[in-house]
Amino acid sequence: MDLRFGGIEGDRHFGVTAKANVRQPMYPKGSEIMNRRQLSIVSVEELQLIAERLGVDEIKPEWLGANILISGYPELTKLPLGIRMLLPNGGGLVCEGENEPCTGPGKQIANHYGRKELTHEFVKLARQLRGIVAYVERPGELKSGDQVEIQL
């Protein structure tokens, strides 16, 4: 995937700026702000833990609206604000913190398994496992199998 300033062109979160919403109550709704939520990154290990907690077979990254799936970092969601993820070709991402669990992905999971209660159970049981949001600090390409360097 081609990561540009603003994220992934064509993605619903693409853009250098975004409109303020309920996540930024300090600004008037709809006012233009910096887009710190260009990418959603999840880990294989944390998705498996969420599935175990919910008592289901699997949680697919696309059900959570994730752009990037990584493996080998089982505590991805606990990465601190501001860490950098460097791509092999020189691109870089900056972590903007946990992607808080919400009912949107919960509904996707509930619909897949035909169990309405999973909508709200996901919100409770996926805390500190939902992955992170990030923005593109330096454009680059990310390919399947690439090793990303996490700088703490």
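**Figure 1. Strand 6 and strand 7 form an antiparallel pair joined by three bridges.** In this predicted model, local features are described where pLDDT is at least 70 and side-chain atom pairs count only at pLDDT 80 or more, whereas totals for chains, interfaces and linings use all residues. Residues are numbered from 1 along each chain as its sequence is written, and side-chain values use heavy atoms, with hydrogens and water left out. Strands (E, at least two residues) and helices (H or I, at least four residues) are DSSP runs numbered from the N terminus, and two strands pair if DSSP finds at least two bridges between them. Methionine 85 has leucine 93 of strand 7 as its bridge partner. Five residues lie between the strands of this hairpin, and glycine 90 there takes a positive phi near 105 degrees. Strand 7 is mostly covered, with six of its seven residues buried; here buried means under 20% relative accessible area, exposed means over 50%, and partly exposed lies in between (1.4 Å probe, protein chains only).

**Figure 2. Six strands make up an open sheet of mixed pairing, in the order 5-4-8-7-6-10.** Its edge strands, strand 5 and strand 10 (149–151), each pair on one side only. Neighbouring strands of the sheet are turned by 35 degrees against each other on average, direction ignored, where the axes are lines fitted to C-alpha atoms (for helices over the stretch in contact) and angles run from 0 to 180 degrees between N-to-C directions. Strand 6 (residues 84–86) and strand 10 run antiparallel and are joined by three bridges, with glutamine 151 in strand 10 as the bridge partner of arginine 84.

**Figure 3. Strand 8 (residues 132–138) is mostly covered, five of its seven residues being buried.** Strand 7 is joined to strand 8 by five bridges, and these two strands run antiparallel; glutamate 98 stands opposite isoleucine 132 in strand 8. Strand 4 also pairs with strand 8 in the antiparallel sense, over three bridges, and leucine 39 stands opposite alanine 134 in strand 8. In the loop between helix 3 (118–125) and strand 8 lies glutamine 128, whose phi is near 60 degrees, a positive value in a residue other than glycine. With a relative accessibility of 47%, glutamine 128 counts as partly exposed.

**Figure 4. Tryptophan 63 and tyrosine 113 form an edge-to-face aromatic pair.** A search of the whole structure finds one aromatic pair, in which the ring centres of tryptophan 63 and tyrosine 113 are 6.0 Å apart and the planes stand at 90 degrees. Rings of Phe, Tyr and Trp (its six-membered ring) pair if their centres lie within 6.5 Å, and planes under 30 degrees apart count as stacked, over 60 as edge-to-face and the rest as tilted. The pair links distant parts of the chain, 50 residues apart, with tryptophan 63 in the loop between helix 1 (44–54) and strand 5 (68–70) and tyrosine 113 in helix 2 (residues 103–113). Tryptophan 63 is buried because its relative accessible area is 11%, whereas tyrosine 113, at 23% relative accessibility, counts as partly exposed.

**Figure 5. The largest pocket holds about 930 Å³ of space.** A pocket is defined on a 1 Å grid over the protein atoms alone, as an open set of points with protein on both sides within 12 Å along at least five of seven lines, where a 1.4 Å probe fits, and lining residues have an atom within 4 Å of a point. Grid points are joined across faces, edges and corners, and the volume is the space filled by probe spheres set on the points. The lining comprises 35 residues, of which His13, Asn21, Arg23, Arg37 and Val133 lie nearest the centre of the pocket. Strand 2 (17–19), strand 3 (32–34), strand 4 (39–43), strand 7 (92–98) and helix 2 each supply at least two residues of this lining. By class, the lining of the largest pocket has 12 nonpolar, 12 polar and 11 charged residues, with Ala, Val, Leu, Ile, Met, Phe, Trp, Tyr, Cys and Pro counted as nonpolar, Asp, Glu, Lys and Arg as charged, and the others, Gly among them, as polar.

**Figure 6. The second largest pocket has a volume of about 400 Å³.** Its lining consists of 19 residues, and Leu69, Ile70, Ser71, Asp146 and Val148 lie nearest its centre. Strand 5 contributes three residues, the largest share of this lining. By class, the lining of the second largest pocket has 11 nonpolar, six polar and two charged residues.
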